[in-house]
Amino acid sequence: MFKLEQYPLVFAANVFEPYMSENTINFHHGKHLATYIKNLNDLIAGTEYEKLSLDEIIVKSASDENAKKIFNNAAQVFNHDFFFRTMARDNGSKIPTDLESLIPEFRAAALSVFGSGWAWIVLENGKPKVITTANADTPIAHGIKPILTIDVWEHAYYLDYQNRRGDFIDAYLAHLVNWDMVGERLV
């Protein structure tokens with residue numbers, strides 16, 4: 001039986017200050033992500049989904065009209081996990097050369113998401129490109145490999161930036177991305 005456990009952060013909750021506060025990390029990781037994990041575990045208990053990996057749950061539930069709640073929670077677990085695992089404070093690495101020209105487009109895409117969602121740099125057919133997804137949608141549901149994401153749901157930035165999404169995006173790109181890890185995903 002698959003049961004997802006809340007993973008501990010690989011960094012201290014205050015490591016991203018002043019760009020992302022400890023309070024935001026605690027709410028975002030400790031409450032929002034924890035709720036998605038609990039909901040997913042409750043929803044899949046006793047179903048065919050409990051024997052699948054997280055990625056398999058997402059792919060299977062994406063096309064199952066009766067499993068929208070499972071999809072939404074599983075995809076949000078994946079998206080948030082991906083987001084947090086890509087973060088590092090001013091790690092000194094540089095944007096991979098292959099992605100430099102996409103960063104302005106990525107920033108514009110993140111700004112353009114209406115309501116809640118995500119901006120992504122993905123590999124599709126071996127080439128990096130920028131996409132957005134609304135709400136809980138995720139590239140892996142469509143067979144696309146994610147390289148980088150930014151969460152532009154308000155809970156990701158509102159405590160620190162209020163309605164200044166652009167400032168959050170700029171801080172994220174300048175100070176919070178582990179570009180070495182992003183570069184490794186380009187392979």
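Which residue stands opposite Ile121 in β3? Leu148 does. Good morning, colleagues.

The model is a predicted one, in which local features need pLDDT of at least 70, side-chain atom pairs count only at pLDDT 80 or more, and totals for chains, interfaces and linings use all residues. Residues are numbered from 1 along each chain as its sequence is written, and side-chain values use heavy atoms, with hydrogens and water left out.

I begin with the sheet. Three strands form an open sheet in the order β2-β1-β3, with antiparallel pairing. Strands (E, at least two residues) and helices (H or I, at least four) are DSSP runs numbered from the N terminus, and two strands pair if DSSP finds at least two bridges between them. Because β2 (127-134) and β3 (145-151) are at the edges with a single partner strand each, one side of each has no neighbour in the sheet. From one strand to the next, the twist averages 25°; axes are lines fitted to C-alpha atoms, for helices over the stretch in contact, and angles run from 0 to 180 degrees between N-to-C directions. Six bridges join β1 (residues 117-124) to β3 in the antiparallel sense.

I turn now to the helices. Helix α3 (residues 68-85) lies across β1 and β3, at about 85° to β3. The axes of α1 (residues 22-44) and α3 come within 9 Å and cross at roughly 145°. Their contact (heavy atoms within 4.5 Å) involves residues including Leu33 and Leu40 of α1 and Val77 and Phe84 of α3.

Thank you for your attention.
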